[in-house]
Amino acid sequence: MDENLLPILACPVTHAPLRFDQANSELISDAAGLAYRMIDGIPDLVPGRARMLQNSGETVPQKERLEESHEYAKGYHEARRTVPGTVVYEEYWNHRLMDLLPKGRNLRALDLMCGEGIFLPVLEQLYGEVLGMDLSMEMLKLVEPGQRSRIFAGDALATPFAPGS
């Protein structure tokens, strides 16, 4: 995990700071009493997949949408590889979307629902800092290894960002 990522991230339940437990490869939220796993070096900040720490008063939100996102990820990845024209379609929208975004090396970009990370290299050419977030750990595992230092699993309905980041 990129050490510069830790000050940006926060517990998605309490928005309190996280600390890295290197021995267990987890991000710890003392405020919520939760431990978020690192999977293949990727922080998993989805509350429903967090481990409860002992003596914690908080409860982990229900694991809604997690199974659904995993099934979607498998279907999307397969379609992207097998449906003719999918990559051309993505490239077309890639350029169209990039034309609409403000640009600047002094700006930070978040690729929400980054999936396999197909937009991350393009965004890195336009912005000083790029983060990728997706609910599906299965999709994030498909991100190119060179792009993985700034990605994490998270839920758009419980964003894991520190205040003011």
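Which residue in S4 does Met-38 stand opposite? Met-38 stands opposite Pro-43.

This is a predicted model, in which local features need pLDDT of at least 70, side-chain atom pairs count only at pLDDT 80 or more, and totals for chains, interfaces and linings use all residues. Residues are numbered from 1 along each chain as its sequence is written, and side-chain values use heavy atoms, with hydrogens and water left out.

**View 1. Pairing of strands S3 and S4.** S3 (residues 34–39) and S4 (residues 42–43) pair in the antiparallel sense over two bridges; strands are DSSP runs (E, at least two residues) numbered from the N terminus, and pairing requires at least two DSSP bridges between them. Two residues lie between the strands of this hairpin, where Asp-40 takes a positive phi near 55°.

**View 2. Ala-35 and the neighbours of S3.** Strand S2 (residues 26–29) pairs with S3 in the antiparallel sense over four bridges, and Ala-35 is the bridge partner of Ile-28. Ala-35 also stands opposite Arg-51 in S5; S5 (residues 51–52) runs antiparallel to S3 and is joined to S3 by two bridges. In the hairpin of S2 and S3, with four residues between the strands, Gly-33 takes a positive phi near 70°.

**View 3. Cover of strand S3.** Five of the six residues of S3 are buried, that is, under 20% relative accessible area (1.4 Å probe, protein chains only), whereas exposed means over 50% and partly exposed lies in between.

**View 4. Leu-97 in helix H2.** Leu-97 is found in helix H2 (residues 86–100); helices are DSSP runs (H or I) of at least four residues. Leu-97 is partly exposed, with a relative accessible area of 40%.
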